[in-house]
Amino acid sequence: MPSCHKNAYITTPIYYVNDIAHIGHAYTTIIADTLARYSRMSGLETYFLTGTDEHGQKIEEAAKKRGESTQAYADKISATFKNLWDEFDISYDKFIRTTDADHMKGVQKAFTVMHDNGDIYKDRYKGHYCISCETFFPETQLVDGEFCPECGKPTTIVEEESYFFKLSDYQDKLLAWYEENPDCILPKSKRNEVIRFVEGGLHDLSITRTSFDWGVKLPENLNDPKHVMYVWLDALMNYVTALGYGTDDAKMDLWPARVHLIGKDILRFHAIYWPAFLMSLGLPMPKHIAAHGWWTRDGEKMSKSKGNVVDPREVANAYGLDNFRYFMLREVPFGGDGDFSQKALIDRINSDLGNDLGNLLNRLIGMSGKYFEGRVDSSNVAKYYQTELDEVHASLDKLEPLLFDMQIHRYLEELWRPLSVANKSIDKYQPWTLMKEGKEEEAMALNGLIAAILSKVAIMLYPVMPAVCSKIATALNFTIDNDSWSSMVKGTALLETFTLEKIEPLFPRVEEPLLAQAEPADKKAAVKKEAKETKKSDSSKEEGVALIGIDQFFQTSLKVGTVVQAEEVPKSKKLLLLQVDVGEDEPRQVVAGIKEWYSADDMLNTQVCVVANLKPAKLMGYKSEGMLLAAKDENGLCMIRPEKPKTAGTPIG
Ligand code: MSP
């Protein structure tokens, strides 16, 4: 965030209490939490607001259906949101409820100010209202003259006395605001949508209702008790009443908001009505309104009737809260729609988190343990690895603007570059070779480099994965806070000499989906069919029917290889890490699951048969660029080797 910002007021939408929290709510809240945590870490005075939206016809009807009093019903559902955020350790500073007395007073005050300055007048409203969206629609926008253009549900014809807000007066002022503030609405494509909508002309907005009760009453001096305020006027005002607007103004110096996080479905309310209300109140405009996309599940819209709504608590319990947070923020470019699938989540956990991050820490613990009794000393890192450090800092420098530009997936992508520098450095400089050659100082410096990279990445990943990064920091004997952020990310400081704390593996591999799948009927049929076909082809293999032509056989490149280096993969019971000369410029690295039968010494300087054109794979974080042929029966495993020594690289076939 550019240094001109001294504080960061960050908000989520306030959630309707007619439903329990789902993945969409969790997504907005987690993004806001990430921004708030980053702001705090970077030393800004941060205020993070979330809460519940409890008035309106929709809530009144939902309570009635359940035979509960509206207030009791709102209390109950509001608490489910608050409990979930507490369980998720969401770092909100205030949880506002639109039924809070202070909030209601603030809304009445705002109504008075807008009324006094001539922006509100009384008339009759005749038109269509969608209760589900709590929105008025002109007849021209309805589908088939009756249905809501947003959610498709039938609208209700409303004809009643109403107070109106002179939205039409604000058309030009709004257009000027969008024009002068190119990043007031993010992503920018959404700003263009809003501009087009406003250019199409704005109607005055009905801001009170008389046909139900559940809402904020008008200020008493208007003496019009049958009206309650339109739920969106009431709800939007929460962003300032939470700071004391209309009551004690206690925190109004935090206004304007640094960012209002919302979903794309409520952009119009935030990008048109809200700024117009603020202009009328004489308050400054928010800096950014950032609209994210919509989450689907396995490619389908989520709905209660389909039974495919993703419960964020279930996902977090099964896969880990921080993993879930990482997945949501990394998987989808902000503003785009996202699809929740367990497969995608598992891939992210095993690959990005397990292989690239978790395994790097394991490698550091392994190296330090094996050669230096767990000690890490950074004194000579710059002497040997300045280039790598420069590369790491070049990436770190790019991060902050990406975050507040809402390019969070790119932030995480860029943050993985230093990890790649670290993993590559181990492969390139090979601590085991350095030790063998007596270059102990250089090996320790490599250790220090890896620890430095891990510590810097942990700081910048902390806002997204707070619990995991705090554990990494514990292992590396430092604390993530404004000091470490200033010295190690903004500055180039490295860790002090320390001894590594051993910690539990951070990302145990996930082998299969951990939650019951809510597959749609046609998908189920497709999966069954696929299973049947797989079974069929397996049995034909057993019967020897799956014959291949010689051309197919020759698509496999088999070569004689010589093992020139062999060692154990730290922490693995099964894997050896081999460097195999197959007649190319450099030996190939092969990770082989043979440790139960062969030690590293057994394999060194022996010949093997290598499948040389397999796609590289990663095992426990190590790249494997080939496979060794072996035969295994109940007595164990043996390598397939040339009968007589052959030149490395000799083709087999
Ligand atoms: N109460 C209003 C907001 C008032 S803010 C002054 C409201 N509440 S809501 O509970 O219906 O929705 C809250 C947020 O959840 C919205 O930002 C909406 O975009 C988001 N989502 C609801 N379903 C969603 C998905 N399936 N995917 C992503 N976000 C979704 O609107």
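This briefing covers salt bridges and cysteine pairing in the structure above. The model is predicted, so local features require pLDDT of at least 70 and side-chain atom pairs count only at pLDDT 80 or more, while totals for chains, interfaces and linings use all residues. Residues are numbered from 1 along each chain as its sequence is written, and side-chain values use heavy atoms, with hydrogens and water left out. The structure contains 31 salt bridges (a side-chain nitrogen of Lys or Arg within 4 Å of a carboxyl oxygen of Asp or Glu) and zero disulfides (a pair of cysteine sulfur atoms within 2.5 Å).

**A salt bridge between distant parts of the chain**

- Arginine 268 and glutamate 150 form a salt bridge through their side chains, with an N to O distance of 3.1 Å.
- This pair links distant parts of the chain, 118 residues apart: arginine 268 lies in helix 9 (residues 267-281), and glutamate 150 lies in the loop between strand 5 (135-137) and strand 6 (156-165).
- Helices (H or I, at least four residues) and strands (E, at least two) are DSSP runs, numbered from the N terminus.
- Arginine 268 is buried at 17% relative accessible area, whereas glutamate 150 is partly exposed at 46%.
- Buried denotes under 20% relative accessible area, exposed over 50%, and partly exposed in between (1.4 Å probe, protein chains only).

**Further salt bridges**

- Lysine 226 pairs with aspartate 224 in a salt bridge whose closest N and O atoms are 3.9 Å apart.
- In this pair, lysine 226 is partly exposed, with 46% relative accessible area, and aspartate 224 is buried, with 9%.
- Aspartate 298 and arginine 297 also meet in a salt bridge, at 3.9 Å from N to O.
- Both partners count as buried: aspartate 298 has a relative accessible area of 16%, and arginine 297 has one of 8%.

**Cysteines**

- A disulfide is a covalent bond between the sulfur atoms of two cysteines.
- Cysteine 151 is in no disulfide, and the nearest cysteine sulfur, belonging to cysteine 130, is 3.7 Å away.
- Cysteine 151 is partly exposed, at 33% relative accessibility.
- The sulfur of cysteine 609 is too far for a bond, because the closest cysteine sulfur, in cysteine 638, is 11 Å away.
- Cysteine 609 is buried, with a relative accessible area of 8%.
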